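Please read them alongside the sequence and the coordinates.

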Amino acid sequence: MPKPIVLIAEILSPATIDALGGDFEIRQTEGADRSQLLNDIVDADAILVRSATQVDAEAIAAAKKLQVIARAGVGLDNVDVPAATSAGVMVVNAPTSNITSAAELTMAHILGSARYFGAGNTSLKAGEWNRKKYTGVELYEKTLGIVGLGRIGGLVAERAKAFGMRLVGYDPYITQARAAQMGVEVVDLPGLLAVSDFVTVHMPKTPETTGMISTEEFKAAKPGARFINVARGGIIDEEALAEAVAAGEVGGAGIDVWSTEPPEHSALMELDAVNVTPHLGASTAEAQEKAGVAVAKSVRKALAGELVPDAVNVAGGAIHEDVRPGIPLAERLGRVVNSLADSSVTHFKVEVNGEIADKDVSVLKLSALKGLFRDVVSDQVSYVNAPLLAEERGIGVELVTDPYCESFRNVTRLTATTSEGQRISVSGTVTGPKLVQKLTEVNGFDLEIELTDNLLIFRYEDRPGIIGQLGQALGANEINIAGMQVSPSATDNDALSVLAVDSAVSEEVVKAVAGAVNASAFSGVSLNED
Ligand SMILES: NC(=O)C1=CN([C@@H]2O[C@H](COP(=O)(O)OP(=O)(O)OC[C@H]3O[C@@H](n4cnc5c(N)ncnc54)[C@H](O)[C@@H]3O)[C@@H](O)[C@H]2O)C=CC1
Ligand SMILES: O=C(O)C(=O)COP(=O)(O)O
């Protein structure tokens with residue numbers, strides 16, 4: 001079998017390739033070269049990028065086999081996540097890999113702008129000795145305004161505190177308590193601008209944050225304040241900043257990221273008080289190694305069909321180890337529901353009962369949905385697009401949890417209603433150190449039988465001799481029975497038999513066997529992986 005193709009579109013740490021291991025064919029492309037990218041992405045199963053590769057709707061549409069887009073870093077503004085989601089493509093990033101490096105570069109820019117590092121360096125190398133011109137300011141007892149108090153904003157706060165700076169912050173999406181933990185006083189943006197000697201931004205680039213610091217904000221800022229952007233180009237308006245620095249309203253700036261990368265004819269390049277770097281926030285050996293290894297691990301998981309904790313377009317974050325064994329079980333139970341349904345499912349309920357109910361079990365809902373669609377939809381069904389498929393089909397999906405479970409440590413129960421009014425329920429559990437999957441209930445009949453690949457289910461009026469008849473009918477069709485459970489109904493005279501058989505049974509044979517025992521309902525369930 002050919003190995004899955006992993007396309008590396010930018011320069012990544014060699015540790016990335018080591019962490020991918022030998023199970024993939026690794027190809028390189030130049031992500032910034034559009035035509036090369038569109039050509040090379042066609043048969044890739046996974047693509048690894050940094051910030052210079054635009055994985056937009058066009059690139060995703062060109063990628064016929066793509067299962068995962070891995071961003072070896074934080075910002076996802078170069079990846080069209082909604083387009084990936086509708087194409088069933090998982091998007092992962094490495095959200096903590098480079099945050100220390102970005103925070104340290106921010107400190108370098110704060111210090112650099114306080115002490116005219118760039119200009120002093122250029123001037124001395126040009127043969128000048130100009131000590132007076134480059135007299136700066138101390139950080140000690142100055143106020144730092146942090147806009148965006150997320151991961152990097154928090155690390156900057158921690159570091160700036162060590163310099164004796166007073167910290168104020170603006171972030172409408174975090175709690176006062178979290179800010180207080182960081183030692184940051186929360187204010188609104190005008191309040192922050194009014195008191196800050198240095199302003200640093202640490203938000204994602206969104207319609208709301210683009211141009212958030214511009215002419216008006218520079219006018220409202222403390223005279224001579226310095227501005228730092230190690231987040232995303234354009235959050236601080238570059239043209240307005242150049243004008244404000246040239247006019248002496250703003251004392252200086254440190255800019256790592258640019259609205260167009262590389263920047264074209266920016267007036268900021270001409271200004272002594274502005275230090276510039278070519279998007280170096282994550283460019284350290286440590287950050288690159290962490291980012292590369294993290295995404296390599298995610299790619300391995302994604303291509304093995306496992307859930308990926310760092311996936312950004314799948315509900316549910318890190319999956320608790322007690323919940324994990326339930327993931328394949330829920331998918332298989334979903335497939336059983338689909339086999340038992342006579343018409344389209346309109347409502348689907350996932351109940352998780354037992355000890356794992358107090359954990360985040362939303363992944364089991366995704367997994368059950370994946371199973372429900374897997375054998376009926378021609379597109380590849382993934383954890384990413386399964387909820388979308390449910391939405392498109394108007395299927396109401398519910399997740400209910402209850403810590404109480406009578407017979408097992410945990411039971412996952414799926415209930416479905418179909419457009420013809422049929423009600424189906426299927427329950428299962430995972431038992432023992434070998435994590436054996438068991439079917440524990442079908443349509444209200446309690447049982448306990450291993451959830452093997454090929455099952456036959458018959459409901460009939462209970463009477464002596466049925467087991468023999470079933471055995472005979474299957475034997476006549478050369479079908480070997482590996483296990484069997486009979487469950488009498490608690491409410492009527494019916495019984496349900498579930499038989500584990502060695503191989504898939506054709507619909508015709510299932511019908512013939514059902515006829516032999518006069519079954520009122522029957523189904524052949526095949527859960528083979530191919
Ligand atoms: N220069 C570089 O090489 C690097 C840049 N980055 C960039 O740094 C930025 C921050 O990254 P993280 O701290 O990891 O992100 P994060 O997601 O942990 O934090 C972002 C914070 O911004 C806040 N925010 C969102 N909208 C806001 C608004 N309108 N006003 C104020 N706050 C707002 C959010 O509530 C959140 O707390 C991102 O843009 C990321 O792409 C990250 C790594 C390296
Ligand atoms: O991780 C981020 O958001 C960054 O900006 C780093 O980008 P890079 O991987 O250095 O192209």
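1. A residue counts as near a molecule or strand if one of its heavy atoms lies within 4 Å of it. This is a predicted model, in which local features need pLDDT of at least 70, side-chain atom pairs count only at pLDDT 80 or more, and totals for chains, interfaces and linings use all residues. Residues are numbered from 1 along each chain as its sequence is written, chains are lettered from A and ligands numbered from 1 in the order in which they are written, and side-chain values use heavy atoms, with hydrogens and water left out.

2. Ligand 1 has 29 residues around it, and those that come nearest are Arg151, Ile152, Asp171, Met203 and Val230. By class the shell holds 16 nonpolar, 8 polar and 5 charged residues. Here Ala, Val, Leu, Ile, Met, Phe, Trp, Tyr, Cys and Pro count as nonpolar, Asp, Glu, Lys and Arg as charged, and the others, Gly among them, as polar.

3. Which residues make polar contacts with ligand 1? A polar contact is a pair of N or O atoms within 3.5 Å; within protein, one must be able to donate a hydrogen and the other to accept it, and residues adjacent in sequence count only if both atoms are side-chain atoms. Methionine 203 places a backbone N or O atom 2.7 Å from an oxygen atom of the ligand. Histidine 279 contributes a polar side-chain atom at 3.2 Å from a ligand oxygen atom, and a polar backbone atom of glycine 281 is 3.4 Å from an oxygen atom of ligand 1. Taken alone, ligand 1 exposes 870 Å², of which the protein buries 89%. Accessible areas come from the Shrake-Rupley method with a 1.4 Å probe; for residues, only the protein chains shown count as cover.

4. Ligand 2 is surrounded by Arg50, Ser51, Arg71, Ala72, Gly73, Val74, Gly75, Asn98, Arg232, His279 and Ala282. This shell divides into 3 nonpolar, 5 polar and 3 charged residues. Oxygen atoms of ligand 2 lie 2.4 Å from a polar side-chain atom of serine 51, 2.9 Å from a side-chain N or O atom of arginine 71 and 2.7 Å from a polar side-chain atom of arginine 232. Ligand 2 exposes 310 Å² when taken alone, and the protein buries 91% of that.

5. Helices (H or I, at least four residues) and strands (E, at least two) are DSSP runs, numbered from the N terminus, and two strands pair if DSSP finds at least two bridges between them. An open sheet of 5 strands has the order β2-β1-β3-β4-β5, with parallel pairing. At its edges stand β2 (25-28) and β5 (90-93), each with a single partner strand, so one side of each is left without a neighbour in the sheet. The twist averages 20° from one strand to the next. Axes are lines fitted to C-alpha atoms, for helices over the stretch in contact, and angles run from 0 to 180 degrees between N-to-C directions.

6. Within that sheet, β4 (residues 68-71) pairs with β5 in the parallel sense over 4 bridges, and alanine 70 stands opposite valine 92 in β5. Helix α12 (residues 285-303) packs on the sheet, touching β1 (5-8), β3 (46-49), β4 and β5, and its direction makes about 170° with that of β4. Contact means heavy atoms within 4.5 Å.

7. A further open sheet has 6 strands in the order β14-β13-β15-β16-β17-β18, with mixed pairing. Its edge strands, β14 (396-402) and β18 (445-450), each pair on one side only. Strands β16 (residues 423-431) and β17 (residues 436-442) pair in the antiparallel sense over 6 bridges, with threonine 429 opposite lysine 438 in β17. Helix α13 (residues 326-340) packs on this sheet, touching β13 (345-354), β15 (410-418), β16 and β17, at about 155° to the direction of β16. Helix α14 (residues 362-374) lies across β13, β14 and β15, running at about 140° to β13.

8. Two backbone details deserve a check. A cis peptide bond joins glutamate 261 and proline 262, with omega about -5°; proline 262 is in the loop between β11 (252-255) and β12 (274-276). Glutamate 141, although not a glycine, has a positive phi of about 65°, and sits in the loop between α6 (117-125) and β6 (143-147).
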